[in-house]
There are 2 protein chains.
Amino acid sequence: MTTLAEVALRAGVTPATVSNVLRKRGKVGAATRQRVLDAVEFLGYRPHLTARALAEGSAPTLALMVTSIANPFYPEFALAAERAARKNGRFLIVCNTNEDPVISRAYLDQIAGTLSEGVLVMNSRIGFDDLHTTRARGTPVVLCMWERPDVSPGLPCVAVDFFAAGALAAQHLLDLGHTRIGAIIGSQPEGVQAARYAGFCHTLKAAGVAHPAQEARFTRDAVQGGYEAACELLTEHTDLTAIFATNDLPALGAMHAAADRGMRIPDDLSVIGITDIQLARESRPGLSTVAVPTDAAATMAVELLEALIESGGHCETPMRIAPEPVLVQRASTGRVRS
Amino acid sequence: MTTLAEVALRAGVTPATVSNVLRKRGKVGAATRQRVLDAVEFLGYRPHLTARALAEGSAPTLALMVTSIANPFYPEFALAAERAARKNGRFLIVCNTNEDPVISRAYLDQIAGTLSEGVLVMNSRIGFDDLHTTRARGTPVVLCMWERPDVSPGLPCVAVDFFAAGALAAQHLLDLGHTRIGAIIGSQPEGVQAARYAGFCHTLKAAGVAHPAQEARFTRDAVQGGYEAACELLTEHTDLTAIFATNDLPALGAMHAAADRGMRIPDDLSVIGITDIQLARESRPGLSTVAVPTDAAATMAVELLEALIESGGHCETPMRIAPEPVLVQRASTGRVRS
DNA sequence: CTGAAAGCGCTAACAA
DNA sequence: TTGTTAGCGCTTTCAG
């Protein structure tokens, strides 16, 4: 390993000078600079990021906490986040919490403020208390994809209007003439996806369309969860002409359930989800969905986190609002059959 | 931020002693230990990983280089790799190279040996030269999922017998009575997926089944690539009863192509892929495929990398062989229709 | 414009 | 059993 000192030696200067030319700080004579550069080149010197981090007091890394990177939604977010982080020379550490609060806490304890300068948290089971503790210790935390722009989580966050997303989905179904619409919610009633469902209900109600509680199912945010919920719904309420799911995964499950029952999509049943993950684009038929600005939100989250880092975390728990969700109509929704 | 020194002060000992009780190294009196622990507790002390890394000469992180974490195959691998790394207290930094050699090099230059102790590389466009350079500089590198157990890449690696995977897929199709089988290869003829195709060809040949070159297509390793290739194949060779794809993504694309042409799967066309990504399990019909031991390979790769790190990288470029691929029959393959 | 020196927080011999 | 003493490699005042 080549060190600064070795470069300095070879260039006939001191480490301080080498540091200066490398960081483009301070004034260095052209001749000296060239000698230094030559030495760097010759020795193949690469700065030791850990040493630099220690000296500077902060590491060039950000932590991204997700429940599991294998959840199809997160990789897209992670990719965008990493790209944004790289812009300012930062690296991304992924932390799979696996829904386990103990693991989450361990991550926060170990990483926050030492190995990483800041933490990005995806909607997850991580307790707000833990996050506040982390923050109190001086490490900025940003909640990514907060679902309710109208309510502050008490932590810096990037909010996406998921209420609007639910409303958009409902409106689309309404526009197609559906009035018997089942709902599959990928969380518990008061869970993280509640706002999406609220938006859906709100729109239905405003249109005077009934939506009895029995036509809704709360389940896991997964294909299988949606599958099971849809089976129940389609069995118990044979007059349903459409299914709204608060997320693409359960929506996909609903499509499978319909297919297994010999129903054609969208002729016999329309299905719509929320998010627009890659799978939605690549399923057959393509899943109509309300696209959420994943990339933009990731970029904004990183930028917000970086701003907090620069400013020492001192800011009025701001909320940045991501662009509005937009309807993406594919082949899984169609006009209701008379 | 609380430091070791502060803890020491409060416990009335020296930093060295605190370090000893925390690392469970050396002998420390029970009373002293307790006082230290109390102080740690009271002050909420957390070791500064960066400082530790610098002092120890190595960081508790591993880098995982992939072309894009959004490629559906990588997240599953990344998850397993992270789990394995965590076992020994290491963190995972994901590096999306985006197929760009410049980015890859930049990562290697910056991270290897400074921010991370070792590098995991997924099959990608990263030049072997760069990897050797990294290794020569003292940072262990492990190639994950090397496709040819019979040929050493000249770098430590975990190999998966993809030739066998291709052979297995072919045999399955043969067993079902297919003799007119199109092939879609998700890389160039000499590319990374060549071994899979070779295994396929080998088995067909051994069975005396003809497979003319016109019935193979080399394309991108993506759904769309497979879709386009399948369209060509099905148009030009209407007597094909099955399609083998070297990866699940193009296989899925082939299924879509068939569906778009009104062909039923598996009645009119059988389709099989390789890997068994989550999408394969969740597509309709479920994709028959040859499952590759992703988790095992990830774990082995991390273990190998850690072994190299411990040993200072001095070992005879060993190759660890992952478990054999296994056939997973789902609904996309069936007996050929007479 | 360049050098000298202190120190980031921790670990690791070696003493005591 | 505990303390002392050096650094790890880099940045950063502050002198010269």
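Predicted model: local features only at pLDDT ≥ 70, side-chain atom pairs only at ≥ 80, totals over all residues.

Reader: Which side-chain atoms lie close to a phosphate oxygen of DNA strand D?

Author: A pair of N or O atoms within 3.5 Å counts as a polar contact. Here, an N or O atom in the side chain of B:Thr32 is 2.3 Å from a phosphate oxygen of DNA strand D.

Reader: Which elements give two or more residues to the surface near DNA strand D?

Author: They are helix H2 (15-23) and helix H4 (49-56) of chain A, together with helix H2 (15-23) and H4 of chain B. H4(A) gives the most, with four residues.

Reader: What part of DNA strand D do the atoms within 4 Å of the protein belong to?

Author: Of these atoms, 75% belong to sugar or phosphate, and the rest to bases.

Reader: How should I read the contact between chain B and chain A?

Author: One may start with its extent. Chain B and chain A each bring 46 residues to the contact, and the area buried between them is about 4300 Å².

Reader: How many salt bridges cross this interface?

Author: A salt bridge requires a side-chain nitrogen of Lys or Arg within 4 Å of a carboxyl oxygen of Asp or Glu. The rule finds four across the interface. A:Arg46 forms a salt bridge with B:Asp109, with the closest N and O atoms 3.1 Å apart.

Terms used. Residues numbered from 1 in each chain as written. Chains lettered and ligands numbered in written order. Heavy atoms only, no water. Contact = heavy atoms within 4.5 Å. Buried area = accessible area lost by both parts, 1.4 Å probe. Near = heavy atom within 4 Å. Polar contact = N/O pair within 3.5 Å; in protein donor to acceptor, adjacent residues only side chain to side chain.
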